[in-house]
Amino acid sequence: MELTVRECSSRGEIKAYRNYLYQLVVKCTGNEPANLIVDPTPAWANHSPVDDSLQAKAKEYNWFISTSQWKSLSDLQRFALLKLYRPGHENKNFPKAMKEFKLV
C-alpha cells in the first residue's frame, strides 16, 4: 500500500521513493535489485516527427499518421501504438488501436 500513496514528484521524493523501494526489495527477496536504464527520450514522448517504422506499419493498411494526429494523442496512446506494431507482437490489435484512437 505504501508504494501507491508515497509522494514521488520532486527530486527528493523520487530519491526517497527509490531508496524505500530498494530496501523493500532487499527485505522481501534477500537480493539487491538491478538498476534499469531509462531512456531519457523515448519515442512515445516525441511529439514529432512520427516514427518511420510506425508510418511503415500504417502504410501496410494504406493509412498515414499526420504530425498533428500524433501530437493529439496522449503519451499512453503513443506508447501503445509503438508497442503494438513491433516484432514479437501479433499486431492484430494495431488496427483496433488506430481506430480506437480515431486515426483512421
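Modeller: Let us start with the word helix: helices (H or I, at least four residues) and strands (E, at least two) are DSSP runs, numbered from the N terminus. This is a predicted model, in which local features need pLDDT of at least 70 and side-chain atom pairs count only at pLDDT 80 or more, while totals for chains, interfaces and linings use all residues. Residues are numbered from 1 along each chain as its sequence is written, and side-chain values use heavy atoms, with hydrogens and water left out.

Colleague: Thanks! How many helices and strands are there in the protein chain?

Modeller: The protein chain has six helices and zero strands, so its pattern along the sequence reads α-α-α-α-α-α under that definition.

Colleague: What makes the protein chain more spread out than a compact globule?

Modeller: Here we use the radius of gyration, taken over C-alpha atoms, and a globule rule of 2.2 Å times the number of residues to the power 0.38. For 104 residues the rule gives 13 Å, but the protein chain has 19 Å, well over that, so it is more spread out than a compact globule. Along its principal axes, the C-alpha trace spans about 55 × 30 × 25 Å.

Colleague: Why is Lys57 called buried?

Modeller: Buried means under 20% relative accessible area, exposed over 50%, and partly exposed in between (1.4 Å probe, protein chains only). Lys57 has a relative accessible area of 12%, so it is buried. This residue is found in helix H3. Across the protein chain, 22% of the 104 residues count as buried.

Colleague: Which residues does Lys57 touch, not counting residues up to four places away in sequence?

Modeller: Contact means heavy atoms within 4.5 Å. Leaving out those sequence neighbours, Lys57 touches Tyr85, Asn91 and Phe94. With the same exclusion, the residues that Phe94 touches include Leu54, Tyr61, Trp63 and Leu81.

Colleague: What makes a set of residues a nonpolar core?

Modeller: The members are buried Ala, Val, Leu, Ile, Met, Phe, Trp, Tyr and Cys residues joined through side-chain atoms within 4.5 Å. The largest such core has 16 residues, and those with the most contacts inside it are Leu54, Ile65, Trp70, Leu81, Phe94 and Met98. Helix H3 (52–59), helix H5 (75–84) and helix H6 (93–100) are the elements that give two or more residues to this core. In soluble globular proteins, nonpolar side chains tend to be buried together.

Colleague: Which residues in H5 are buried, and what covers them?

Modeller: In H5, the buried residues are Arg78, Leu81, Leu82 and Leu84. Their cover includes H3, helix H4 (67–72) and H6.

Colleague: Where is Asn62 found, and is it buried or exposed?

Modeller: Asn62 is found in the loop between H3 and H4. With a relative accessible area of 72%, Asn62 passes the cut-off, so it is exposed. Asn62 also has a positive phi of about 60°, although it is not a glycine.

Colleague: How do you know that Lys102 counts as exposed?

Modeller: The same test applies: Lys102 is at 68% relative accessibility, so it counts as exposed. Lys102 lies in the segment after H6, and it too has a positive phi of about 60° without being a glycine.

Colleague: Which peptide bond is cis?

Modeller: The bond from Ser48 to Pro49 is cis, with omega near -10°. Pro49 lies in the loop between helix H2 (11–29) and H3.
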